[in-house]
Amino acid sequence: MNSKLFNSSNMETIGFIGTGHLGYPIAENLVKAGYKVKIYNRTREKALPLEQLGAVLVDTAAAAAEKGGVVLSLVADDAALEAISTDALLEALGPGGVHVSMSTVSPDTSTALSLRHQAQGVQFVTAPVFARPDAAAAKVGNAVISGPAAAKERIKPLLLAGFAKNIFDLGEDAGSANVLKLIGNFMIAASIELMAEAFALAEKNKVDPKVAYEMLTTTLFAGPVFRNYGAMVIDRKFTGSPSFGAALGLKDMDLVLQTARRSYTPMPMAQLVQSRLTTILAKDVHDADWTSLAMGALDDAGLTY
């Protein structure tokens with residue numbers, strides 16, 4: 001990569017909106033890479049450590065923007081993304097500005113926001129994050145991007161400096177990257193359900209689930225999703241400081257099924273996973289990670305956790 005990327009004197013000031021579990025390590029990486037970063041987070045106190053590293057905290061989303069600049073946002077859901085995408089933010093960015101949405105939202109929301117941005121000369125790029133917080137911090141995550149070609153080229157160095165090892169370009173349709181993000185999250189959730197059922201079958205038949213896990217995730221199913229999430233299923237790590245909560249998982253499965261309905265795509269596995277997560281929330285399981293959906297298969301098999 002061009003050495004100028006890491007020369008702070010050549011770097012523009014960028015805005016960053018949303019320093020939650022996933023946004024925080026990305027923003028931190030950008031600050032450490034030498035970028036001048038203006039940060040807005042709804043709960044200001046959570047971003048204070050970034051100020052100590054050199055970031056500038058601002059009081060509104062619009063204040064994070066500079067004329068013709070770049071703002072990255074990573075917020076919880078469609079409503080939160082729409083709430084920050086105000087006329088004030090678009091006016092602050094102005095013609096030539098770029099808003100990079102890294103949130104997992106509906107493709108329809110991204111398409112509508114893209115048109116709103118375009119009307120004010122602002123380019124809108126979707127770049128949802130494939131990474132848990134530790135992977136983002138280590139910059140080994142994956143980005144999928146869609147939107148105007150020039151804007152995508154402009155923001156690729158930011159994605160690489162912030163969290164991404166790989167970037168996959170899905171063209172100019174703003175919603176395309178969101179479709180792929182939803183597909184990916186569905187496949188992760190379905191894999192958690194698959195492993196919960198499989199390891200329950202092992203346990204019920206007096207086969208050590210840990211041995212089954214080691215054999216399967218080092219041979220036939222050696223990908224990081226099976227290895228990492230499988231370990232959480234085996235260890236029953238379903239609650240306590242979730243890096244991706246059950247409520248967010250349910251939100252994503254709702255979006256998957258919404259997208260499926262719109263395109264007449266039957267997805268019975270997605271309906272099962274949605275039901276599992278709904279049950280977790282109905283039982284008010286505290287601090288539940290979305291891996292807690294595995295509790296359904298264990299309950300069904302009469303196993304404890």
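1. Of the 305 residues in the chain, 50% count as buried, where buried means under 20% relative accessible area with a 1.4 Å probe and protein chains only. The chain exposes about 13900 Å², of which carbon and sulfur atoms supply 57%, the areas coming from the Shrake-Rupley method with a 1.4 Å probe.

2. The model is predicted, so that local features need pLDDT of at least 70 and side-chain atom pairs count only at pLDDT 80 or more, whereas totals for chains, interfaces and linings use all residues. Residues are numbered from 1 along each chain as its sequence is written, and side-chain values use heavy atoms, with hydrogens and water left out.

3. The chain holds 13 helices and 9 strands, which are DSSP runs numbered from the N terminus (helices H or I, at least four residues; strands E, at least two). Its radius of gyration is 20 Å, close to the 19 Å that the globule rule gives for 305 residues, so the chain is as compact as a globular protein of that length; the radius is taken over C-alpha atoms, and the rule is 2.2 Å times the number of residues to the power 0.38.

4. Strands β8 (residues 141-145) and β9 (residues 164-169) pair in the parallel sense over 5 bridges, pairing requiring that DSSP finds at least two bridges between two strands. Asparagine 142 stands opposite asparagine 166 in β9.

5. Helix α8 (residues 176-204) has 29 residues and reaches 42 Å from its first C-alpha to its last, close to the 42 Å expected at 1.5 Å a residue, the expected span being 1.5 Å times one less than the number of residues. Just after α8, lysine 206 takes a positive phi of about 60 degrees.
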